[in-house]
Every structure is written in structure tokens, then in C-alpha cells.
Amino acid sequence: MKVLVLACLLSCATGQSMFPRLPTSVLLKGDQLLVTGGKIVGGTEAVPNEFPWQISLQRRSATGWSHSCGGSVYNQNYIIDAAHCVERTVASSLRIVAGEHSLSRTSGLEQYRNVLSIRVHENYNSKTSANDIALLKMDKSLDLSTAIVRPISLPTAGSILNAGTTCIVSGWGTTYAGGTVSDVLRKVAVPVVSNNDCDSMYGAGSILPSMMCAGFVAGGADSCQGDSGGPLVMLNPSVLVGVVSWGNGCAYPGYPGVYTRVSSFVNWIERNAV
């Protein structure tokens, strides 16, 4: 979930380099470069359209479109994403692909939309990753009349999941830091880690109340580069609890993934996604 941003986040506190999860390399459709293989560390391939709220945020280049970040369908007109995926980005350089599974093969179920406007949280701080959330308005409403593309529900404002709660993170990200993005959407189950425990692992003051952590202390399962902005979801019922934000490497022991806590931004989302 990263183009690897070589900016040290919180390194003074932890002695480690923390990176937002943007892709280091890209996978393109058509006659462009294709990279195949399984991604999301420790995960498995998702069933096609298993997560109908998942989108691929793609960036225009001189040769075509490339996968940049994940994202989640909030309603027919708006996508919830990470601020670090779109800060200082021109909206016309981005597009949304909903109903996507393989980045290299067209199924006919995809819905392509241009990004009309970007709203980054006004208090986003790229140095601390505070308020790492953004809304993308599409130029045309999504068709939500089928099960292929569906919005994801928001949690109750201010709610906090108990440590140990199992959530699912999905995306086209890599299987290790610095790898290549996946051709197909993948998923992995990770348990919620308390903010107190996570803060102790990363260094005091690193994990803000508006963040949350998920992963195994022993490592082995995590979101990774190319998954930024994508969904961390609690299932049955499906609720968007986190947005992939940052971490120390991918699935490293003692460093769970860090996510934007969506329950801290419910009012902001509802106020701005209209």
C-alpha cells in the first residue's frame, strides 16, 4: 500500500522508519507492464467481488493507468480513502475502478469513474499521520443496483472495538515491503490490538486516539504497500472500522498495522459526503 514514500515518520520516537502504505511498483492493464502473484502478507485470494465496497484508486501516467491505493465505497457518489494517497494530487489524474478483481483482466463488471474532487481532512498531518482520511467525489454516480458494487456501513461514532476482535483487510498490496502489487484482490484476517499495547510497541505517543491497530504480535499477517486507503472491515454485519494508513514494514513481529479509526470521523464523513 505505497510509491514508497521515503519520509521518516516517528523515527525519532522508535528508532524505526515508518512509511505510509503506498505502492512501490504498479500493475497496469492493457499492453502495459503486468506483475502477477499473491500479495497482502499472509493472506489468500478473495472470491471475485467478495468485498463489493472495495475499489482500486488508479493514477494516470504517460502510458496509461496504474493501481495506486485501495478505497471504500461510501455511497453512490463518494469514496472513503486515506489522505496520504491523494494529498497534493490533481483530481483529474485519478480514477476509481469499482467491481474490480483482477487488475490485468477485464471481467465486464467493472465500473470506471473519474475523480471530480478531493477533500483531504483539514487537520491531516503527514508527519504524524494524524487524521489520515479523505473523501473522493466521482464525476458520475456508481450503479449500486447489483451485488457487484455496494457501499460499506460506518460504525457508531466514537465506538472502539475490543482487543482481539477479528477484522478483514483487503487490497492489491504486496506480500512484503518493497515488493510488487498483486494482480488479484487478496484478503487477510487480523485481530485488533489495543491502542495502549500498540503505542508501547511503536513508542509512546505514536498511536493517537483517532488511530487503531490490527495484526499479530508475532507478525506474519498484515496489509502492505499498495493497500493504503483500503478497508479494514468487521464482518457480520459488514462495517468499515479502519482505513489502511501506515506501519513499520509489513507483518513485522511487534509492529501491527496502523489504521485510521473510522469511528472518529463519522461526523466528518457524513457532513462532507453530500
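Predicted model: local features only at pLDDT ≥ 70, side-chain atom pairs only at ≥ 80, totals over all residues.
Residues are numbered from 1 along each chain as its sequence is written, and side-chain values use heavy atoms, with hydrogens and water left out.

**The chain as a whole**
- The protein chain has four helices and 15 strands.
- Of its 274 residues, 58% are buried, where buried means under 20% relative accessible area, exposed over 50%, and partly exposed in between (1.4 Å probe, protein chains only).
- Take the contacts in the protein chain with a separation of 6 or more: 71% of them are between residues 24 or more positions apart. Contact here means heavy atoms within 4.5 Å.
- The accessible surface comes to about 10,600 Å², and 53% of that belongs to carbon and sulfur atoms; the areas come from the Shrake-Rupley method with a 1.4 Å probe, and for residues, only the protein chains shown count as cover.

**Strand β15 and its partners**
- Five of the five residues of β15 (residues 257-261) are buried, so the strand is largely enclosed by the rest of the structure.
- On one pairing, β12 (residues 211-214) runs antiparallel to β15 and is joined to it by four bridges; strands pair if DSSP finds at least two bridges between them. Here A214 stands opposite G257.
- β14 (residues 239-247) also runs antiparallel to β15, again with four bridges, and G242 stands opposite R261.

- Most residues other than glycine have a negative phi, and most peptide bonds are trans.
- A251 has a positive phi of about 65° despite not being a glycine, and it is buried, with a relative accessible area of 11%.
- N236, in the loop between β13 and β14, has a positive phi of about 55° and isn't a glycine either. At 76% relative accessibility, N236 counts as exposed.
- The peptide bond from N236 to P237 is cis, with omega near 0°. P237 is also in the loop between β13 (231-234) and β14.

**Nonpolar cores**
- The largest nonpolar core has 41 residues, and L57, I80, I96 and I269 touch the most other members. A core is a set of buried Ala, Val, Leu, Ile, Met, Phe, Trp, Tyr and Cys residues joined through side-chain atoms within 4.5 Å.
- At least two residues of this core come from each of β3 (55-61), β6 (78-81), α2 (83-86), β7 (94-98), β9 (134-138), β14 and α4 (266-272). β9 gives the most, with four residues.
- Apart from this core lies another, of 14 residues, including V192, A221, V239 and Y259.
- Leaving aside neighbours within four places in sequence, the contacts of I80 include Y74, I133, L154, L240 and I269.

**Q54**
- Q54 lies in the loop between β2 (44-45) and β3, and is buried at a relative accessible area of 2%.
- Its side chain makes a polar contact with the side chain of S170 (2.6 Å). That term means a pair of N or O atoms within 3.5 Å; within protein, one must be able to donate a hydrogen and the other to accept it, and residues adjacent in sequence count only if both atoms are side-chain atoms.
- Beyond neighbours within four places in sequence, Q54 is in contact with residues including G70, A98, W172, L185 and P231.
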